[in-house]
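Please open the structure in your viewer and keep the selection tool at hand.

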Amino acid sequence: MVFEKLDMEKWSRSEYFNHYYSDTPCTYSITVKLDITKIIKSQRKLYPVMLYYITTVVNRHKEFRTAVNEENEPGIYSDMVPRYTVFHKDTETFSNIWTAYTADLEAFCEAYENDLRIYGSQKGLTGKPQVPANSFPVSMIPWTTFEGFNLNLQRGYSYLIPIFTMGKYYEENKKILMPLAVQVHHAVCDGFHVSRFINELQELINT
């Protein structure tokens, strides 16, 4: 993993970054319905497959890999890994686990199962230690579906990394749909970028 600092004088987005990061701090979210029929019919586990697909598209585009370092300097990670939640029924709490990304779906799902076996029963906010800086949060709310979802982060105006939340899937018009909420920072990500992400994610699911 490499964090390459941005040259603000040469970065084509510097004006937009300064406006939405400093002058008028702005984050936003969008909730869409993904057609996951192919995944369900394939009888694969939904969570690891979606983690793989989401991370694949995240790693395609720099706007989803942009962050600020400890000196508050913007830069771009060379790659990202998913940091996802697992639920503990006995305590009704969750823990975060992360799995290193690989471009091979089978290898990623195997790594996911291995991390789940080792760390899945660990209690506390961080189930798997040594969380990498180039991780992004993903969670699932499998108990209910939703039309909209928004995280209200008190210090979210300095958090540039995207956040993804999935909900309970359901059948509609012979399709199996699942809500996905995408929360981003306007300093690095416009509506165009989110739309492209969603379209590419759906295409990846379809194929």
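Begin at Glu 92, which counts as exposed because its relative accessibility is 65%; exposed means over 50% relative accessible area, buried under 20%, and partly exposed in between, with a 1.4 Å probe and protein chains only. The model is predicted, so local features need pLDDT of at least 70 and side-chain atom pairs count only at pLDDT 80 or more, whereas totals for chains, interfaces and linings use all residues. Residues are numbered from 1 along each chain as its sequence is written, and side-chain values use heavy atoms, with hydrogens and water left out.

Glu 92 sits in the loop between strand E5 (81-88) and strand E6 (93-98). Helices (H or I, at least four residues) and strands (E, at least two) are DSSP runs, numbered from the N terminus. Although Glu 92 is not a glycine, its phi is positive, about 55°. Most residues other than glycine have a negative phi.

Select Gln 43 next, in the loop between H2 and H3. Gln 43 likewise is not a glycine and has a positive phi, of about 65°. With a relative accessibility of 74%, Gln 43 counts as exposed.

Now show the aromatic side chains. How many aromatic pairs does a search of the whole structure find? The search finds 15. Rings of Phe, Tyr and Trp (its six-membered ring) pair if their centres lie within 6.5 Å; planes under 30 degrees apart count as stacked, over 60 as edge-to-face and the rest as tilted. Select Tyr 52 and Phe 108: this pair is tilted, with 6.0 Å from centre to centre and 50° between the planes. Tyr 52 belongs to helix H3 (residues 46-58) and Phe 108 to helix H4 (residues 105-119), so the pair ties together parts that are 56 residues apart in sequence. Tyr 52 and Phe 108 are both buried.

Move to Phe 164 and Phe 197, whose ring centres are 5.2 Å apart with planes at 25°, so this pair is stacked. Because Phe 164 lies in strand E8 (residues 163-167) and Phe 197 in helix H5 (residues 191-206), the pair ties together parts that are 33 residues apart in sequence. Both Phe 164 and Phe 197 are buried.

Keep Tyr 53 selected and display its surroundings. Tyr 53 touches Ile 39, Leu 105, Leu 201, Leu 204 and Ile 205, when residues up to four places away in sequence are not counted; contact means heavy atoms within 4.5 Å. In the largest nonpolar core, which has 50 residues, Met 50, Tyr 53, Ile 54 and Leu 201 have the most contacts. Such a core is a set of buried Ala, Val, Leu, Ile, Met, Phe, Trp, Tyr and Cys residues joined through side-chain atoms within 4.5 Å. H3 gives the most to this core, with ten residues.

Next, select H5. Its buried residues include Phe 197, Leu 201, Leu 204 and Ile 205. Among the elements that cover the buried residues of H5 are strand E2 (27-35), helix H2 (37-41), H3, E8 and strand E10 (175-185).

Finally, display the whole protein. Five helices and ten strands are present, and 48% of the 207 residues count as buried. The C-alpha atoms fill a box of roughly 50 × 40 × 35 Å, taken along the principal axes.
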